[in-house]
Amino acid sequence: MRASVAANTVPIRSGEDVVRVRQEVRRVAIEAGLGLVDQTKIVTAASELARNTLDYGKGGEAVMEVVQSSARRGVRIVFQDQGPGIADIELALKDGYTSGKGMGLGLGGARRLCNEFAIESTPGKGTRVTIARWK
Amino acid sequence: MDRIPILKLGAALLVTIQVDMHDRLAMALEEDLTNRIVEYGAKGVLIDISALEIVDSFIGRTLANIAMIAKVLDAVTVVVGMRPAVAITLVELGLSLPGVRTALNAERGMAMIRALLDDEAPTLADES
């Protein structure tokens with residue numbers, strides 16, 4: 001087994017790219033040894049966040065990699081955009097809140113599907129969401 | 001653009017989603033199904049999602065929309081074949097699929113549609 005795995009970057013510019021993010025995250029999750037339910041959770045979370053990057057962030061990228069932390073192995077994905085940013089992150093994380101066409105489950109739902117979830121956003125500069133799921 | 005095929009089976013429409021749908025494809029399915037329900041006067045819609053590896057909030061909302069639209073057009077919708085990992089993830093995501101009837105597989109789904117139609121219109125068999 002390789003000691004370290006190169007990060008894989010998927011650009012998010014179209015709806016087809018959101019599908020590609022799902023497929024690539026699935027591949028990395030399998031490589032990390034995640035079980036089927038955990039794979040499904042992280043792929044679903046990635047799908048929500050990739051759509052946010054496209055719809056609200058005006059496009060960006062997803063960087064994904066297998067991570068090893070002491071005895072644990074997992075997947076980490078960073079979604080980045082240079083879009084308008086989120087003014088009120090607490091509000092955006094609330095179920096049912098949406099500024100667009102969605103159900104308002106994207107951010108809050110994605111957070112529930114991950115073991116780690118971090119969001120940084122600067123209005124006018126962009127948003128970065130980091131998620132991880134451990135084996 | 002790709003389209004998801006819709007088959008007519010008696011008074012029901014049958015859809016088997018076999019590709020990883022991007023959002024526009026899901027929206028096209030919603031529109032196509034709506035048109036076919038009216039065109040064929042369909043009374044039931046069976047959607048087989050056994051090939052879907054995930055159902056995220058957009059796909060879930062599309063399924064819920066289809067069920068609502070079908071209801072307005074006097075048709076019942078049954079979603080069948082959801083994988084166990086997908087069901088677990090959907091619940092954790094917070095998606096409850098309001099108004100969507102589900103069955104474990106296509107056979108049970110068709111039986112459900114038939115039973116619902118029998119309850120509703122005992123003379124349906126004579127009409128077909």
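**View 1. A:Gly74 has A:Trp134 as its bridge partner in β5(A).** This is a predicted model: local features need pLDDT of at least 70, side-chain atom pairs count only at pLDDT 80 or more, and totals for chains, interfaces and linings use all residues. Residues are numbered from 1 along each chain as its sequence is written, while chains are lettered from A and ligands numbered from 1 in the order in which they are written. β3(A) and strand β5 (residues 126-134) of chain A pair in the antiparallel sense, over eight bridges. Two strands pair if DSSP finds at least two bridges between them. Strands (E, at least two residues) and helices (H or I, at least four) are DSSP runs, numbered from the N terminus.

**View 2. A hairpin joins β2(A) and β3(A).** Strand β2 (residues 60-69) and strand β3 (residues 72-81) of chain A are antiparallel and share ten bridges. A:Ser69 is bridged to A:Arg72 in β3(A). Two residues sit between the strands, and A:Ser70 takes a positive phi near 45°.

**View 3. Chain A meets chain B.** Here 23 residues of chain A are in contact with 18 residues of chain B. Contact means that C-beta atoms, placed from the backbone, lie within 7 Å. α2(A) gives the most to the chain A side, with nine residues. That side divides into eight nonpolar, eight polar and seven charged residues. Nonpolar covers Ala, Val, Leu, Ile, Met, Phe, Trp, Tyr, Cys and Pro; charged covers Asp, Glu, Lys and Arg; the others, Gly among them, are polar.

**View 4. Five strands of chain B form an open sheet.** The order is β1-β2-β3-β4-β5, with mixed pairing. β1 (6-9) and β5 (101-103) of chain B are the edge strands, and each pairs on one side only. Strand β4 (residues 76-80) of chain B and β5(B) are parallel, over three bridges. B:Val79 stands opposite B:Thr102 in β5(B). α1(B) packs on the sheet, touching β1, β2 (12-16) and β3 (44-48) of chain B.

**View 5. Helices α1(B) and α2(B) pack together.** α1 (residues 23-40) and α2 (residues 57-72) of chain B meet at about 10°, with axes 10 Å apart. Axes are lines fitted to C-alpha atoms, for helices over the stretch in contact; angles run from 0 to 180 degrees between N-to-C directions. The two helices are therefore roughly parallel, a term for angles under 35 degrees. Among the residues making the contact are B:Leu33 of α1(B) and B:Ile66 of α2(B).

How values were computed. Contact = placed C-beta atoms within 7 Å. Parallel < 35°, antiparallel > 145°, perpendicular 65-115°, else oblique.
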